[in-house]
Amino acid sequence: MSNLLPACPECGQEYTYEDGQSYVCPMCGHEWTKESQLEQEESMLVRDAHGTVLNDGDTITVIKDLKVKGSSSSIKQGTNIKNIKLVEPVDGHDIDCKIPGFGQMKLKSEFVKKI
């Protein structure tokens, strides 16, 4: 029998069981609802400026000119970026990528569009 229930979001254990409309972790005692589980999974998705879900390895394009901190040049609108990597957001920057002519950089998903 395979366990199709989610792991506990608090302790990460996979001993979760259902109790009516809730999930319960017997290891730490954490309880959560199925709706909150779906909301958490939805909030972890990274979306571009148009609401399209982004994944590791996607190709994106910049939708507006972006000033580069510490440089006099900027990343021009329409710049294509291949093979992105999604990372934990730091100051809103949730995409790690290599931009031609600039090198390794982090971008905010709100300024890009999936191709």
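## Cysteines, pockets and a buried serine

Cys 25 is buried, with a relative accessible area of 1%.

Student: What kind of model is this, and how are residues numbered?

Tutor: This is a predicted model: local features need pLDDT of at least 70, side-chain atom pairs count only at pLDDT 80 or more, and totals for chains, interfaces and linings use all residues. Residues are numbered from 1 along each chain as its sequence is written, and side-chain values use heavy atoms, with hydrogens and water left out.

Student: Is Cys 11 buried, partly exposed or exposed?

Tutor: Buried means under 20% relative accessible area, exposed over 50%, and partly exposed in between (1.4 Å probe, protein chains only). Cys 11 is partly exposed, at 34%.

Student: How many disulfides are there?

Tutor: A disulfide is a pair of cysteine sulfur atoms within 2.5 Å. The structure holds zero. For Cys 11, the nearest cysteine sulfur is that of Cys 25, 3.5 Å away. Cys 25 is in no disulfide either.

Student: How do I read a pocket, and which residues line the largest pocket?

Tutor: Work on a 1 Å grid over the protein atoms alone. A pocket is an open set of points with protein on both sides within 12 Å along at least five of seven lines, where a 1.4 Å probe fits; lining residues have an atom within 4 Å of a point. Here the lining is Leu 66, Lys 67, Val 68, Lys 69, Ile 75, His 93, Met 105, Lys 106, Leu 107, Lys 108 and Phe 111.

Student: How much space lies in the largest pocket?

Tutor: A volume is the space filled by probe spheres set on the points, with grid points joined across faces, edges and corners. The largest pocket has about 240 Å³.

Student: Which strand gives the most to that lining?

Tutor: Strands are DSSP runs (E, at least two residues), numbered from the N terminus. β10 gives the most, with three residues.

Student: What about the second largest pocket?

Tutor: About 170 Å³ of space lies there. Strand β8 (residues 85–90) gives the most to its lining, with four residues.

Student: Where is Ser 109, and is Ser 109 buried or exposed?

Tutor: Ser 109 is in the loop between β10 and β11 (112–114). Ser 109 counts as buried because its relative accessibility is 10%.

Student: Which residues does Ser 109 touch?

Tutor: Contact means heavy atoms within 4.5 Å. Leaving out residues up to four places away in sequence, Ser 109 touches Val 46, Arg 47, Asp 48, Ala 49, Leu 54, Asp 94 and Ile 95.
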